[in-house]
Structures are given as structure tokens and as C-alpha cells.
Amino acid sequence: MIMKQQRVADKFSEPVNSKTGYENFFDGVVAMCDNRVIDNELGELLKEYVSEWLAHNSLAEFDNFSDTAYSRTYLGRSKSGWEAIVMGWKRGNTTSVHSHPQFAGYNFADGEFRVEIFEPAGEGRARLVKTLEIKAPLSLYSVGEEGQFDNHIHRITCLSERGHSLHIYSDDALQGLTYEVVE
Ligand SMILES: [Fe+2]
């Protein structure tokens with residue numbers, strides 16, 4: 001029997017949070033993204049927009065940390081699918097090995113992180129190809145296939161006492177797939 005590959009949502013059972021007060025920031029994201037091609041040029045624009053915003057706005061009020069998982073707080077979700085999420089991290093919090101919608105931008109605001117990047121190895125498995133050690137501030141993004149949720153497989157782990165990151169996705173990130181790691 002072939003097991004159905006689990007989604008990020010299947011492996012994330014923490015409460016869903018959202019915060020108001022970030023409408024201007026999120027409207028700026030949507031204005032930049034709607035009705036245009038998702039490509040590296042857009043990735044660079046978003047990276048500049050988000051890192052500039054983070055340089056002037058602290059994420060300290062996102063203090064809903066948990067021992068068991070990173071926290072997710074939605075700043076906005078658009079009709080077209082775009083979403084912005086702040087993640088709050090404690091040392092040792094880690095994601096599943098998971099993939100993404102067409103666009104995934106992850107902007108480390110404060111803290112230190114390990115980002116492991118994987119390649120697909122078939123049948124819901126993935127193989128590690130690269131490990132990055134990151135000191136915030138730093139922004140990364142990936143552009144993949146339209147309409148797919150199996151783009152850019154990675155795992156993020158928090159290495160500092162606390163940390164925050166701000167993520168921009170072109171579609172519901174909880175629909176990303178999860179993977180079993182193989183050597
Ligand atoms: Fe991710």
C-alpha cells in the first residue's frame with residue numbers, strides 16, 4: 001500500500017494565531033504581487049520590501065513561544081492566495097522536512113537558525129544537499145513551479161534562545177508536503 005504523503009498541516013497541531021495592525025505592510029505585499037509573474041525579479045522586490053520593513057519594525061510583540069513547536073501568526077491572507085506569517089522560535093524548535101507553493105520568502109528578523117535544503121528522492125523521500133547557518137537579519141526566497149506544492153524542500157531549526165522570521169508565500173503554506181529523510 002502506498003502511504004499518502006502528509007501535508008505540513010497534518011504535522012502542525014499548534015493553535016492558529018493572527019494579529020491586526022499589519023494591514024499596511026500586508027497591503028504592500030499584495031500590491032507588489034497581484035497580477036504579475038512570479039519570478040526572481042519579484043523575489044528581489046519582496047526581499048527588499050520585507051527587509052526594509054523589518055529594519056524599522058521589531059517582532060518582539062510576537063511572544064507566543066512554545067517548547068513543542070515554532071509559532072505561526074498570520075499578518076494577512078489575500079483572495080489571490082498570498083499570505084504573510086510571523087514565526088516565533090525557541091532554541092531547538094524545528095520544522096518538518098517540507099516543501100512549498102510556487103513562491104516562498106523567508107526573512108530571518110532576529111536570532112540564529114540552521115536551514116537544511118533537500119532534493120526530492122522519490123516516493124515522499126528527500127536527501128540533504130546543503131546546510132546553511134544563518135544569523136539574522138537575512139532574507140532568502142525560492143521560486144518554483146506554478147500550482148505545485150512540492151517546491152523547495154527544506155527544514156528550519158532555531159539555534160538561538162529566541163528568534164523570529166517573517167514568511168511570504170504565494171499560496172497556503174500548510175498545503176506543502178512533508179518528506180522522510182534518506183541518506
Ligand atoms: Fe518552509
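Visitor: Which residue takes a positive phi in the hairpin of strand 2 and strand 3?
Guide: Gly81 does, with a phi near 110°. That hairpin has five residues between the strands. Keep in mind that this is a predicted model.

Visitor: How many bridges join strand 2 to strand 3?
Guide: There are six, and the two strands run antiparallel.

Visitor: Is strand 3 largely enclosed or left open?
Guide: Largely enclosed by the rest of the structure, because seven of its eight residues are buried.

Visitor: OK, zoom out. What is the order of the strands in the sheet?
Guide: The order is 1-2-3-10-5-8. These six strands form an open sheet, and the pairing is mixed.

Visitor: Which strands stand at the edges?
Guide: Strand 1 (17-18) and strand 8 (138-143). Each has a single partner strand, so one side of each is left without a neighbour in the sheet.

Visitor: Now helices. Which strands does helix 1 lie across?
Guide: Helix 1, residues 23-33, lies across strand 2 (71-77), strand 3 and strand 10. The angle between helix 1 and strand 2 is about 65°.

Visitor: How many residues does helix 2 have?
Guide: Helix 2 has 17 residues, 40-56. From first C-alpha to last it reaches 25 Å, close to the 24 Å expected at 1.5 Å a residue.

Visitor: Which of its residues are buried?
Guide: In helix 2, Leu46, Val50 and Leu54 are buried. Looking down the axis of helix 2, these buried residues fall within an arc of 60°, so they line one face of the helix.

Visitor: What do they pack against?
Guide: The buried residues of helix 2 pack against helix 1, strand 5 (103-110), strand 8 and strand 10.

Visitor: And what does the face turned away carry?
Guide: On helix 2, the face turned away from the buried side carries exposed residues: Glu41, Glu44, Glu48, Glu52, Ala55 and His56.

How values were computed. Residues numbered from 1 in each chain as written. Predicted model: local features only at pLDDT ≥ 70, side-chain atom pairs only at ≥ 80, totals over all residues. Pairing = 2+ DSSP bridges. Helix = DSSP H or I, 4+ residues; strand = E, 2+ residues; numbered from the N terminus. Contact = placed C-beta atoms within 7 Å. Axes fitted to C-alpha atoms, helices over the stretch in contact; angles between N-to-C directions. Buried ≥ 20, exposed ≤ 12 C-beta atoms within 10 Å, placed from the backbone. Expected span 1.5 Å × (residues − 1). Arc of directions from axis to C-beta.
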